[in-house]
Amino acid sequence: SDNQTAQLTQPIFDLGALARYRQGIAQGDFADAKFAYQSQDLIVRTLQAYSDLLFAQDQLNYQTAERDAYHEQMKVNQRVYEKGEGTRTDLLESTASFSLAEAKVIEAQDNLENAKRKLEAMMGEPIKSSRDVKKLSNNFKIQPIFPKTFDDWKEIALGSNPELTAMSHQIEIARQTYQQNKAAHYPTVSGFVNWNQQKSYTVVTVNQESLQSMVGVSVNVPIFSGGETVGKTSQARAGYEKSQADYDATRDRVITELKKQYDSVNSSLQRVEALMRAVNSSSELTRAMRKSIQGGVRINLDALLADKAFATAQRDLAQAKYNYLLSVIKLKQQAGTLTVEDLEKTATYFQLDAGRTGFN
């Protein structure tokens with residue numbers, strides 16, 4: 001016997017299938033939003049690792065200047081003690097301070113090496129020399145941000161922040177999961193077309209043929225399937241409500257971080273200007289100390305202490321500049337407007353040769 005059958009089925013009413021379709025769209029949008037978030041986070045981590053390396057170098061310079069100052073102080077106390085004009089206590093204190101400063105130099109060297117390794121891991125290639133890492137440009141100018149008001153930044157963040165966008169799609173995914181389980185209580189309706197042809201060669205049906213064609217509608221009405229459907233529906237609804245609560249918590253965290261970075265950017269101008277004045281004053285003090293040593297008024301220890309204060313001011317100024325650049329990048333990240341072009345503009349602040357810098 002030969003039997004040939006063809007059947008075409010078209011769902012007409014199926015809430016579960018519709019929910020799965022909508023959930024698939026939401027999952028695709030969620031993946032796109034997560035990719036955008038991870039891309040922006042990579043930009044932030046790259047700048048963070050780069051600035052950490054530079055600050056580690058600044059910290060090493062500061063610790064070296066401090067060690068040299070304590071070493072000179074120890075030698076002065078040693079000479080004074082040998083002449084019988086100093087005390088052993090002063091010598092021991094300066095020796096202990098020098099030993100502690102030397103330990104801090106070693107720690108700063110380790111931190112510098114760790115920061116270098118971290119940046120190399122992100123770059124995927126080794127840093128061959130210190131020339132590969134450019135320091136902050138002398139032509140460093142803080143540019144005003146746009147828009148100026150926090151409310152405008154907040155409005156942009158609520159509409160563009162990729163983390164919030166991903167959470168909103170997560171809510172839709174949870175809602176459609178709930179709809180899928182809820183749809184198990186509803187009937188499904190499908191239309192079908194069936195065609196069947198049969199040839200029989202048995203003893204009693206030799207050379208007999210039959211052909212059947214059917215067009216109809218199939219309705220499946222669930223009556224009772226135990227408590228599984230009710231339990232899954234309740235669980236899915238709880239997951240949907242949890243995703244809404246997670247979105248609210250994430251939104252509050254994003255707005256808080258946005259305000260933090262907004263205030264940091266606006267206050268950077270005053271911090272950088274104040275520290276620039278401190279650096280200029282320390283530089284003048286250092287030159288004055290050198291002249292005083294030549295005139296016999298001061299000793300080398302005074303010059304080294306001035307160098308230490310100058311190195312401290314330079315380190316704090318550099319850190320303030322790094323914080324400004326990071327605050328601008330993080331502000332745009334929280335607003336959801338951060339792009340690779342922003343990182344390229346940030347790179348202009350690290351060019352050694354004079355050039356235009358800024359985010360405008």
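**Notebook: salt bridges and cores**

I began with a charged cluster: Glu113, Arg117 and Glu120 are linked in a network of salt bridges. I note that this is a predicted model. I then looked up the total, and the structure holds 18 salt bridges.

Next I looked at Glu163. Its side chain meets that of Arg253 in a salt bridge, at 2.5 Å from N to O. I checked where the two sit: Glu163 is in helix H4 (residues 162-183) and Arg253 in helix H5, so this pair ties together parts 90 residues apart in sequence. Is Glu163 buried or exposed? I found Glu163 buried, since its relative accessible area of 18% is under the 20% cut-off. Arg253 has a relative accessible area of 45% and is partly exposed.

I stayed with helix H5 for another pair. Glu228 forms a salt bridge with Lys232, and their closest N and O atoms are 3.0 Å apart. Both residues lie in helix H5, 4 residues apart, which is about one turn of the helix. I looked up Lys232 and found it partly exposed, at 40% relative accessible area.

I also recorded Arg251 and Asp252, whose side chains meet in a salt bridge at 4.0 Å, N to O. Arg251 is partly exposed at 31%, and Asp252 is partly exposed at 45%.

Last, I turned to the nonpolar residues. The largest nonpolar core has 38 residues, and Leu325 and Phe350 touch the most other members. Helices H1 (15-82), H2 (88-123), H3 (150-160), H5 (228-294) and H6 (300-335) each give two or more residues to this core. Apart from it I found another core of 7 residues, including Met167, Ile171, Ala174 and Tyr240.

Terms used. Residues numbered from 1 in each chain as written. Predicted model: local features only at pLDDT ≥ 70, side-chain atom pairs only at ≥ 80, totals over all residues. Heavy atoms only, no water. Core = buried A, V, L, I, M, F, W, Y, C linked by side-chain atoms within 4.5 Å. Buried < 20%, exposed > 50% of the residue type's maximum accessible area, 1.4 Å probe, protein only.
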